[in-house]
Each structure stands twice: as structure tokens, then as C-alpha cells.
Amino acid sequence: MSNSTHFDMESAAQASKKASFAIAQCTTTQKNDLLRTIADTIEQRVEEILLANTKDIEAGRAKGLSDAMLDRLLLTHQRVVDIAEAIREIIALPDPVGTIEQTIVRPNGLQVGKMRIPLGVIAMIYEARPNVTAEAAALCIKSGNGVILRGGSEAIHSNLALASCLHVALVAHQLPSAIVTVIPDTSRQMIEQLLTMREYIDLVIPRGGEGLITMVTEQSQIPVIQHFKGVCHLYIDKFADLEKALAILVNGKTQRPSACNAIETLLVHKDIATKFLPEAQQALAPFKVKIHACNHALPYFNGAELADETDFSAEYLAQEIAIRVVDSFDSAIEHINQYTSDHTEVIVSQDTSRTQQFVRQINSSVVMVNASSRFSDGGELGLGSEIGISTSKLHAYGPMGLAALTTQKFVVIGDGQVR
């Protein structure tokens, strides 16, 4: 769908900026009431949303989209109810806006604190999943931001149906509908134009494949939160509890291999390789995991391929894994630091001094000790819903919850002091 002649990007961005001041001034109660109405409206309009989704599914089949992509696109009655429930969960989250942290009193009596404030207008560019439209809008509303949403062409009818629910709720609460803008034009030209609107937009969050993130990063005149890929490592130390290690490997690789927090590379200390690798072969075999193994690991796996350099930087997003036997703890650290995508790294070890060393020496956005990489998720880490995962070190790093959609201003209170 392309309506470039009808959709004026600059006017929309300008309206979004103006509307962002209205949502920024809303109290927590007002924002929660609005979100409640949005959730109720989505549930009330479920048939309308499903009808729109049917158009997307039919168009997707005609285009020859894969079954996996069609499943991401598909909305059922239960999935629509789940979207409404996800919004109600955001209502329950503490509102970061207006909280004052790090208050100190200077020797001259000045009280200095930092207050959380909204970023302003956030633009999201994403692919496939229609639930992102409603959940991203809800997170931006709760954090007091305006939002411009540009979803993929595959989900355009579903996205516009959800946008309609959002606008009905905003109007019912006498708030500008431009607080949430869903771009109806899915042409590439719209993204290019959107990325030049630095006068009105404060942050861009792209969610999708590496190609989309690269394109947005290269073209944007606005700061971008990047998450190129998730090459997550699992290191089994020589002091590991092998039973725990096996469970963490199987869960991290096989539970949901298409997720960005799935394990892509397994590193095993040479001292326990002869014991651990046969068990790993047995545990991964039922899931038909394709193995790319180094020379030392190759003999332990039936039908494995010899790993090359590209395997250690690969994000497979499938039942596929790269395996390497390392000579030492330091070799494992060196490997991770060379191939990391700054997403999530895991060590399994019962030696506290080594796990502490791992935590200090690895600077990925999430570092885990004796736990599955699948916990690297906003909901699992106690943030509630996440708007994305950042592997850029500036502003936000790792899974991004409500607080990551705010910034801080200094608040200084005096009693007539002069310098």
C-alpha cells in the first residue's frame, strides 16, 4: 500500500511533536486510564481487527511469504486478547516520569537532583508483527512520549485497524490523536523522509533484520538505537556443574531458536570437553540441531560440519549452532570479545572468582552466570514489556523498558545562592 501523495510526513511529524507536549503533561492516572480504554477498545473491536488481518494473511500468501513469517503476521482471537492484556500489564508498571533520583546537597546549600522526563517523539520502524503497533504505542504513552509507527507492508491492514482503536481511545480522553501516528504509506521513500525529521523526532528505534537496522543507521539524521543481531555465547568452564550446563545449553539453543537471545555459539573448556561434548550430542540430537564444530569438537557429533570463521559470527536463528573447544578461560574471553554482537553472554561455572572475572571482562549488554540466555528479555528481567533491545552503548543498553524511553534533567533548588 502506498499513499505518498496523500500522506504528508512533515505535517505528521510536526503534529506529533505538538501532541507530545499534551501526553507529557498527563498524570500517571490519566495515562493509565487512557491505556485501559485502549485495551478495552481493542477487545471490543476484535472482529474488525481479525478481518483486517485476514487481508494481510491473504496478501502474504499471494506474495509467497514463509510459514514462519505468516505465523508472525497472524492474529487470532486469543492473540488480540493477549495484546489487550499486554497493555494492561503496562498499566501496572511504575511510571518513571517525574521521579527524582540522586539528590545531593552541595556545601553551599543547593539541592541538586535528576528528574526523569519523556524523550519527546519516538519513531519506530519495524517488520511483520502487528502486536508491536499496540504495545509500542502503549509504552510510549506510559512514558509520556509521542510516537510515529512505520510497520512493514505485510501487516499494513492489521496495523491500521489497531491504529483506529488507539485513536478512538485518544479522542474519548480528549487528547490529540497525533500522540500516536501510524504511517499508512509503506514505501521506502517514507522511511527516508522520516529519518530526516530531526526537528520533530528525538529518537529512532528500528526492529527487524540486520538489513533494516543497517539502512536506518546509515540514513538517519536522528539518533538511532541499534540492535544489529544477537550472536549469544555460552561458555562451559572447567569448573561447571555439567548437569546445569546441559540444561542451559538445551534451553538456550532449542526453546525458541528464532529469538535474538538464543545461543548461537557454544564454547567448552578443553578439560571437560571429553565428558561434556558426548552429552551435548545426545541432548541436541532430538531437536535435529545442525552442528558447526571446530577440529577438536567435530568427532563428538554425528554429521557435524567443520566450522569456519563465518560460523563464529553467524546469527543462525534456527536449530543450528557453532561449537568450539577452548584451551583456557582467557581463550574463551578472547573469543567472545572478538565475535560478540554485544547482546548476551553466559558462563556456567561453580568457581565464583572465575564468574566474577567473566562479569568484569565481558561488556555485552547482558552478562549471565549459571542461567539461560533466554532470560535476556525485558519481561524476564523485571522491566515489564520491552520496546526493543539496544546493543549501542549510548543512552540505553540491553532490553529497554519504560525508563529507557525517558531521559533526565537536573533540578536545582536554592534559597538565593549566587556564584
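Thr133, Ala134 and Ala137 in helix α6 meet Asn159, Leu162 and Leu166 in helix α7, and in this predicted model the residues of that contact divide into four nonpolar, two polar and no charged. Helix α6 covers residues 131-142, while helix α7 covers residues 156-172. The axes of α6 and α7 lie 8 Å apart and the angle between the two helices is about 30 degrees. Since angles under 35 degrees count as roughly parallel, α6 and α7 are therefore roughly parallel to each other. In passing α7, helix α6 makes a right-handed crossing.

Helix α2, which spans residues 28-44, also packs against α6, at an angle of about 165 degrees and with the axes 9 Å apart. That angle makes α2 roughly antiparallel to α6, because the term applies to angles over 145 degrees. The crossing of α2 past α6 is right-handed. On the α2 side the contact is made by Lys31, Asn32, Leu34, Leu35, Ile38 and Ile42, and on the α6 side by Ala134, Ala138, Ile141 and Lys142. Sorted by class, this contact has seven nonpolar, one polar and two charged residues.

How are α2 and α7 oriented to each other? These helices pack at an angle of about 135 degrees, with their axes 9 Å apart, and they are therefore oblique to each other. Their crossing is right-handed. Leu34, Thr37, Ile38, Thr41 and Ile42 of α2 touch Leu162, Cys165, Leu166, Val168, Ala169 and Leu170 of α7, and the classes in this contact are nine nonpolar, two polar and no charged residues.

| Helix pair | Angle | Distance between axes |
|---|---|---|
| α6 and α7 | about 30 degrees | 8 Å |
| α2 and α6 | about 165 degrees | 9 Å |
| α2 and α7 | about 135 degrees | 9 Å |

By class, the lining of the second largest pocket has eight nonpolar, three polar and three charged residues.

Note on methods
Residues are numbered from 1 along each chain as its sequence is written. This is a predicted model: local features need pLDDT of at least 70, side-chain atom pairs count only at pLDDT 80 or more; totals for chains, interfaces and linings use all residues. Side-chain values use heavy atoms; hydrogens and water are left out. Ala, Val, Leu, Ile, Met, Phe, Trp, Tyr, Cys and Pro count as nonpolar, Asp, Glu, Lys and Arg as charged, and the others, Gly among them, as polar. Axes are lines fitted to C-alpha atoms, for helices over the stretch in contact, and angles run from 0 to 180 degrees between N-to-C directions. Helices (H or I, at least four residues) and strands (E, at least two) are DSSP runs, numbered from the N terminus. Angles under 35 degrees count as roughly parallel, over 145 as roughly antiparallel, 65 to 115 as roughly perpendicular and the rest as oblique. A crossing is left-handed if the near helix is turned anticlockwise from the far one by less than a right angle, and right-handed if clockwise. Contact means heavy atoms within 4.5 Å.
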